[in-house]
Amino acid sequence: MDLEARVGEILSASLAVQQRVLERQTREIAAIAEAVATTLQAGGTILLCGNGGSAADAQHLAAEFVVRLHPSFDRRSLPAIALAPDAPLLTAAANDLGFERVFERLVEALGHPGDLLVGLSTSGRSENVVRALAAARAAGLRTVGLLGGDGGRALAHCELALLIESDDPGRVQEAHIVAGHAVVECAEALLVEAGMLRR
């Protein structure tokens with residue numbers, strides 16, 4: 001196998017997906033950034049959830065809000081939390097309620113009207129993410145989906161969504177994290193403009 005050629009194919013496929021996002025979906029990313037900034041200005045919290053690599057992306061983006069994205073921008077912390085339960089909570093919820101209710105239960109416990117839930121799913125069919133988004137909407141939270149494929153059942157529960165046109169989970173996750181970084185940077189810029197953050 002020509003590994004160098006294979007690496008080139010993988011990187012080219014990733015760039016092609018991101019190029020489509022650049023050409024077709026900057027408006028969606030900007031709208032999500034505006035919703036995030038509005039939520040934070042009003043005193044709300046950004047909640048994020050996903051499974052597997054998307055769980056890691058949820059934690060990654062929460063860290064960018066709480067800590068900062070760029071070392072040169074020494075700003076105050078912004079309230080965000082990844083719904084990544086510890087082992088006792090995860091196993092108790094999965095055992096007693098079913099794994100599909102893990103994030104829903106955390107939204108019920110931690111979410112408040114005016115908060116914003118970001119559900120990450122490369123297919124839009126992750127039942128626990130679908131249920132979390134539905135519970136969030138019912139409880140008065142705003143809902144955002146970072147999704148892939150056709151958006152699955154999750155799409156119907158999202159006020160705003162970025163739908164990556166790919167069925168390859170790796171390519172979808174790569175596009176999600178790039179878009180997520182753009183959301184953080186744009187939300188920061190809006191908060192600076194509004195006087196909530198200072199450079």
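Begin by selecting Ala80, which touches Thr45, Ile46, Ala62, Phe65 and Val66, not counting residues up to four places away in sequence; contact means heavy atoms within 4.5 Å. The model is predicted, so local features need pLDDT of at least 70 and side-chain atom pairs count only at pLDDT 80 or more, while totals for chains, interfaces and linings use all residues. Residues are numbered from 1 along each chain as its sequence is written, and side-chain values use heavy atoms, with hydrogens and water left out.

Ala80 belongs to strand 2 (residues 80–82). Helices (H or I, at least four residues) and strands (E, at least two) are DSSP runs, numbered from the N terminus. Ala80 counts as buried because its relative accessibility is 13%; buried means under 20% relative accessible area, exposed over 50%, and partly exposed in between (1.4 Å probe, protein chains only).

**The nonpolar cores**

Next, select Ile46. Leaving aside neighbours within four places in sequence, Ile46 is in contact with Val36, Thr39, Leu40, Phe65, Pro79, Ala80, Ile81, Leu116 and Val118. A nonpolar core is a set of buried Ala, Val, Leu, Ile, Met, Phe, Trp, Tyr and Cys residues joined through side-chain atoms within 4.5 Å. The largest such core has 36 residues, of which Val36, Ile46, Leu48, Phe65 and Val118 touch the most other members. Helix 7 gives the most to this core, with 8 residues. Apart from it lies another core, of 19 residues, including Ala93, Val102, Ala136 and Leu147.

**Phe103 and Asn128**

Move to Phe103, in helix 5 (residues 102–110). Phe103 is buried, with a relative accessible area of 4%. Its contacts, not counting residues up to four places away in sequence, are Cys49, Gly50, Asn51, Leu83, Pro85, Asn128, Val129 and Ala132.

From that list, select Asn128, which lies in helix 6 (residues 127–138). At 3% relative accessibility, Asn128 is also counted as buried. The side chains of Asn128 and Asn51 are joined by a polar contact of 2.8 Å. A polar contact is a pair of N or O atoms within 3.5 Å; within protein, one must be able to donate a hydrogen and the other to accept it, and residues adjacent in sequence count only if both atoms are side-chain atoms.

**The cavities**

The structure holds 3 cavities of 30 Å³ or more. On a 1 Å grid over the protein atoms alone, a cavity is a set of points where a 1.4 Å probe fits but cannot get out, and lining residues have an atom within 4 Å of a point. Grid points are joined across faces, edges and corners, and a volume is the space filled by probe spheres set on the points.

The largest cavity contains about 100 Å³ of space. To display its lining, select Ile32, Val36, Leu48, Leu61, Phe65, Val118, Val144, Leu146, Ala179, Gly180, Val183 and Val184. Helix 7 gives the most to this lining, with 4 residues.

The second largest cavity has a volume of about 40 Å³. Val17, Arg20, Val21, Arg24, Gln25, Ile164 and Glu165 line the second largest cavity. Helix 1 (residues 3–24) gives the most to that lining, with 4 residues.

Methods: On a 1 Å grid over the protein atoms alone, a cavity is a set of points where a 1.4 Å probe fits but cannot get out, and a pocket is an open set with protein on both sides within 12 Å along at least five of seven lines; lining residues have an atom within 4 Å of a point.
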